[in-house]
Amino acid sequence: MAFIEINGGKQLNGEVNIQGSKNAVLPILAATVLVNGIIKLNNCPKILDVFHMIKILEAIGCIVWWEKSSLIIDTTKLNTSTVPEEYVKMMRSSIILMGALLGRTHSVTITYPGGCTIGARPIDYHLSAFQDMNISLEEEDGLIKCTTTGIKGNEIFLKFPSVGATENVILAAVLASGRTSIINAAKEPEITELCKFLNSAGAKIRGAGTETIEIVGVEFLYPIEFTACSDRIVAGTYLAAVAGTGGEAVLTGIGGDSLHTVIKLLREMGCSILTGENYIIIASSGRPKPIPFIRTMPYPGFPTDMQSQFMSVLMMAAGTSKIVEEIFEGRYQNVKEQIKFGADIRILGREATINGVPELMGCEVYASELRGGAALVIAGLMAKGKTTIYNPNFIERGYEDICRDLRGLGADIKMLA
Ligand code: EPU
């Protein structure tokens, strides 16, 4: 059984390059099935979720191979629109294949994804939008079967700016007849990146990054080469690590644009941060200042994907902080591991109160989801002595090699089998 071992309590100093973005690349990989041809995706991170997506693409007939950090996808021999159950169970975000497969083959069969450790995560917005686009649904024995005589553009109102539902509607609309407008669309940078990819391939999408996205259906998409943006959450995780341990680091391959809220709060904690188009420099002198109130919100608000990592940093703040988790109710499950470091955290519903303590002590903890796992790594770096983190596979779903990156910043961290 693999585990991560950290000898903590040291400052982080150095430079780290940020990997490609998981949440941009996954919908783009789904989008490749809308193209009948070969697509080259540069800056594709080598993470477990991408490996799972490759397995799904292969299972539906695509041929996929790596050329260094580029992934090549040949979709010409796609031969089924049934997504195998085992992969949907492994990776919930495989549901973004629904819109793309509907666009390419006019049908899709997929297992109902169910909940996961971070919350219930229903897909009702996705399904109701599909129904408004002339797509019929049948649900039986946990299977969802969607078929259409032709996808028709429509006005789609999302009750909540769901990232996945926005992506699925965009993917279904690109080759549909007529115009689709998504009202109350998600504004996350990964949506903008998906639309950039699709528009480079010949799609007609306007308004990505705003709350109204308009898609005018086209006949077909062209095969293209595309370079994915870097991962703002991986960058935010390493910024939080430096904020927690103290030190000075340069992150390259990413600017500050997609991290405004995260950077603003890190500055409130006492960090000095400089940003350029392609770098972020952070300096932290050690024990952070508390943050009276953080609420997770859809972009451009504070991201739920950074909540656990910030909680780890605030465990050692000089005072009391509060966090309200508005997006995924299950994300506080990680707190039972975080308190093993000696942290003082109280949870009441969606609100967490973190009373900062002067020091954390290394311990044995279990990762049970991706960002919670990354938060345990940060706590281990801040804590005195040895920390062991079991189930590192959850962290590998989204971080290419967190130990390599943090060792580059001088951390004493390694993966052991
Ligand atoms: N929701 C519904 N019904 C729906 C869809 C969503 O009630 O049909 C609710 C969810 O339960 C949740 C909220 O709406 O409470 C937001 O969910 P959203 O659909 O925006 O999330 P997602 O598309 O499932 C993506 C990212 C997550 C990230 C969230 C929020 C990918 C592959 N996943 O998930 O990333 O936390 O957006 O920003 O893009 C991660 O990387 O660790 C991760 C979980």
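These legends go with a handful of close-up views of a predicted model.

**View 1. Helices α8 and α12 side by side.** Here we zoom in on helix α8, residues 232-245, and helix α12, residues 370-382. Their axes come within 9 Å and cross at roughly 25°. Angles under 35 degrees count as roughly parallel, so α8 and α12 are roughly parallel to each other. The crossing of this pair is right-handed. On the α8 side, the contact is made by Ile233, Thr237, Ala240, Ala241, Gly244 and Thr245. From α12 come Arg371, Ala374, Ile378, Leu381 and Met382. Sorted by class, the contact of α8 with α12 has seven nonpolar residues, three polar ones and one charged one.

**View 2. Helices α6 and α7 side by side.** Next up are helix α6, residues 163-173, and helix α7, residues 189-200. The axes of α6 and α7 come within 10 Å and cross at roughly 15°, which makes α6 roughly parallel to α7. In this pair, too, take a look at the handedness: α6 passes α7 in a right-handed crossing. Val163, Thr166, Glu167, Ile170 and Leu171 of α6 make the contact with Ile191, Leu194, Cys195 and Leu198 of α7. By class, that contact of α6 with α7 comes to seven nonpolar, one polar and one charged residues.

**View 3. The second largest pocket.** About 420 Å³ of space lies in this pocket. There are 21 residues in its lining, and Cys229, Ile254, Gly255, Asp257 and Ser258 are the ones nearest the pocket's centre. Helix α7 turns up again here: α7 gives the most to the lining, with five residues. As for class, the lining is made of ten polar, six charged and five nonpolar residues.

**View 4. A cis peptide bond at proline 300.** Most peptide bonds are trans. The one joining tyrosine 299 and proline 300 is cis, with omega at about 10°. To find the spot, follow the loop between β17 (294-295) and α10 (307-314), where proline 300 sits.

**View 5. A positive phi at histidine 106.** Most residues other than glycine have a negative phi. Histidine 106 has a positive phi, near 65°. Look for histidine 106 in the loop between α4 (97-105) and β6 (107-111).

Key: Residues are numbered from 1 along each chain as its sequence is written. This is a predicted model: local features need pLDDT of at least 70, side-chain atom pairs count only at pLDDT 80 or more; totals for chains, interfaces and linings use all residues. Side-chain values use heavy atoms; hydrogens and water are left out. Axes are lines fitted to C-alpha atoms, for helices over the stretch in contact, and angles run from 0 to 180 degrees between N-to-C directions. Helices (H or I, at least four residues) and strands (E, at least two) are DSSP runs, numbered from the N terminus. Angles under 35 degrees count as roughly parallel, over 145 as roughly antiparallel, 65 to 115 as roughly perpendicular and the rest as oblique. A crossing is left-handed if the near helix is turned anticlockwise from the far one by less than a right angle, and right-handed if clockwise. Contact means heavy atoms within 4.5 Å. Ala, Val, Leu, Ile, Met, Phe, Trp, Tyr, Cys and Pro count as nonpolar, Asp, Glu, Lys and Arg as charged, and the others, Gly among them, as polar. On a 1 Å grid over the protein atoms alone, a cavity is a set of points where a 1.4 Å probe fits but cannot get out, and a pocket is an open set with protein on both sides within 12 Å along at least five of seven lines; lining residues have an atom within 4 Å of a point. Grid points are joined across faces, edges and corners, and a volume is the space filled by probe spheres set on the points.
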